[in-house]
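Dear colleague,

Please find the structure below, handed over for your records. My findings follow directly after it.

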Amino acid sequence: MARDFSLFLGEMIRRPGEVGAVAPSSAKTAQWMCEGLEKVQGPIVEIGPGTGSFTRAILEHGVAPERLTLLEMGERFCDQLREKFPSVNVLNRPGQDIDKIGINNIGAVISGVPMLSRPELQRSVLEPSFRVMAPGASFTQFTYSIRTPFGDDLLADLGLTSRKLATVWGNLPPATIYRIERA
């Protein structure tokens, strides 16, 4: 845990525009992000896993490591993720590349990408994600806002809806989890 925090802090200082949090997500936030994953069929992709708090929860929800692919831009994060989760496919690529990694019929996407602080990523991550997601699949996103980080116009334009799953007050800062699905 201390190693995760020091890596996270170091990356936050080195790459403040890419690391949009002040601390790794709490275990409770990770549990909500993974709500229902045990029922999902097909591959699962996590974008922006950072130190792997959501990754651990995904695996604890019974997802086989070979079904999980992580897309992470930070090289140091990738190295640590490969060490911690050796059977998981870790790619040093941005979430916008999800439709270029050769995986289709994705059952779920779990996103730790700071969409609120990086609005230019919203469409460029959501649109390709839903291109390669299976019918009925969902995209789960957390934010530090009380509203979904995706604007109503963007969601309508892409034919998507957003539903609040939970607010985790014990996260630093408090986190709200949203599930995005096709309308």
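The buried residues of helix H5 pack against S1, S4, S5, helix H6 (152–158), strand S6 (160–168) and strand S7 (175–182). Contact here means heavy atoms within 4.5 Å; helices (H or I, at least four residues) and strands (E, at least two) are DSSP runs, numbered from the N terminus. The model is a predicted one, in which local features need pLDDT of at least 70 and side-chain atom pairs count only at pLDDT 80 or more, while totals for chains, interfaces and linings use all residues. Residues are numbered from 1 along each chain as its sequence is written, and side-chain values use heavy atoms, with hydrogens and water left out.

The residues of H5 that are buried are Leu121, Gln122, Val125, Leu126, Pro128, Ser129, Phe130 and Val132. Buried means under 20% relative accessible area, exposed over 50%, and partly exposed in between (1.4 Å probe, protein chains only). H5 itself covers residues 121–132, and its 12 residues reach 17 Å from the first C-alpha to the last, close to the expected 16 Å. That expected span is 1.5 Å times one less than the number of residues.

Helix H3 also has a buried side, made up of Ser53, Phe54, Thr55, Ala57 and Ile58. These buried residues pack against helix H2 (27–33), strand S1 (44–47), strand S2 (68–71), helix H4 (75–84), strand S4 (106–111) and S5. After H3 comes Gly62, with a positive phi near 90°.

The aromatic pairs number 4; rings of Phe, Tyr and Trp (its six-membered ring) pair if their centres lie within 6.5 Å, and planes under 30 degrees apart count as stacked, over 60 as edge-to-face and the rest as tilted. In one of these pairs, Phe54 and Phe142 have ring centres 5.5 Å apart and planes at 90°, so the pair is edge-to-face. Because Phe54 lies in H3 (residues 53–60) and Phe142 in strand S5 (residues 133–143), this pair ties together parts that are 88 residues apart in sequence. Phe54 is buried at 3% relative accessibility, and Phe142 is buried at 10%. Phe142 also pairs with Tyr144: their ring centres are 5.5 Å apart and their planes at 80°, so this pair is edge-to-face. Tyr144 is partly exposed, at 28%.

Finally, the structure holds 0 disulfides, a disulfide being a pair of cysteine sulfur atoms within 2.5 Å. Cys34 is buried at 0% relative accessibility, and Cys78 is buried at 0%.

Yours sincerely
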